[in-house]
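Me: Could you walk me through reading a protein model, feature by feature? I have the sequence and the coordinates open, and I would like the general idea before each case.

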Amino acid sequence: MAKLDEFGQLCRVTHNFAIAKFGFIVLEGGRCVNAKFFGKKIKLARVELDMTQTDLAKKIGANQKSVSRYENGLSVPALETMEKIARVFHGPLDEIAAS
């Protein structure tokens, strides 16, 4: 268990580095998700619901610029925000984040 906790701490510390250097998101428990793929899934789901980036931003408590950065794989929402996104799209987080 200690090793897993240490790995989780390492993931949190290296989260932004991993996105910048390697283009993937490190979720709790060490699961990795491709940031660009996650962004494309957000955009696809948003467009299917005929929502603008601003509409989605309001629903998740963010701003339009943040949603744009998520969709382009330039930024990754916090796990809490990912869960809000999943609720907006009526799907489990694992399904939304799956690569």
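Reply: Happy to. Start with contacts, where contact means heavy atoms within 4.5 Å. Among contacts in this protein between residues at least 6 apart in sequence, 47% join residues at least 24 apart. Bear in mind that this is a predicted model: local features need pLDDT of at least 70, side-chain atom pairs count only at pLDDT 80 or more, and totals for chains, interfaces and linings use all residues. Residues are numbered from 1 along each chain as its sequence is written, and side-chain values use heavy atoms, leaving out hydrogens and water.

Me: Which elements does the protein have, and in what order do they run from the N terminus?

Reply: Helices (H or I, at least four residues) and strands (E, at least two) are DSSP runs, numbered from the N terminus. Here there are six helices and two strands, in the order α-β-β-α-α-α-α-α.

Me: What share of the residues is buried?

Reply: Buried means under 20% relative accessible area, exposed over 50% and partly exposed in between, using a 1.4 Å probe and protein chains only. By that rule, buried residues make up 38% of the 99 residues.

Me: At what angle do α3 and α4 cross?

Reply: Axes are lines fitted to C-alpha atoms, for helices over the stretch in contact, and angles run from 0 to 180 degrees between N-to-C directions. The axes of α3 (residues 53-60) and α4 (residues 64-71) come within 8 Å and cross at roughly 105°. That makes α3 roughly perpendicular to α4, a label for angles of 65 to 115 degrees. On the α3 side the contact is made by Q53, T54, L56, A57 and I60, and on the α4 side by Q64, V67, S68, Y70 and E71.

Me: Which residues does Q53 touch?

Reply: Leaving aside neighbours within four places in sequence, Q53 is in contact with R46, Q64, V67, S68 and E71. Q53 is buried, with a relative accessible area of 17%.

Me: And what should I look for in backbone angles?

Reply: Most residues other than glycine have a negative phi. D50 has a positive phi of about 55° although it is not a glycine. D50 sits in the loop between α2 and α3 and counts as exposed, at 70% relative accessibility. Just after α3, G61 takes a positive phi of about 75°.

Methods. Parallel < 35°, antiparallel > 145°, perpendicular 65-115°, else oblique.
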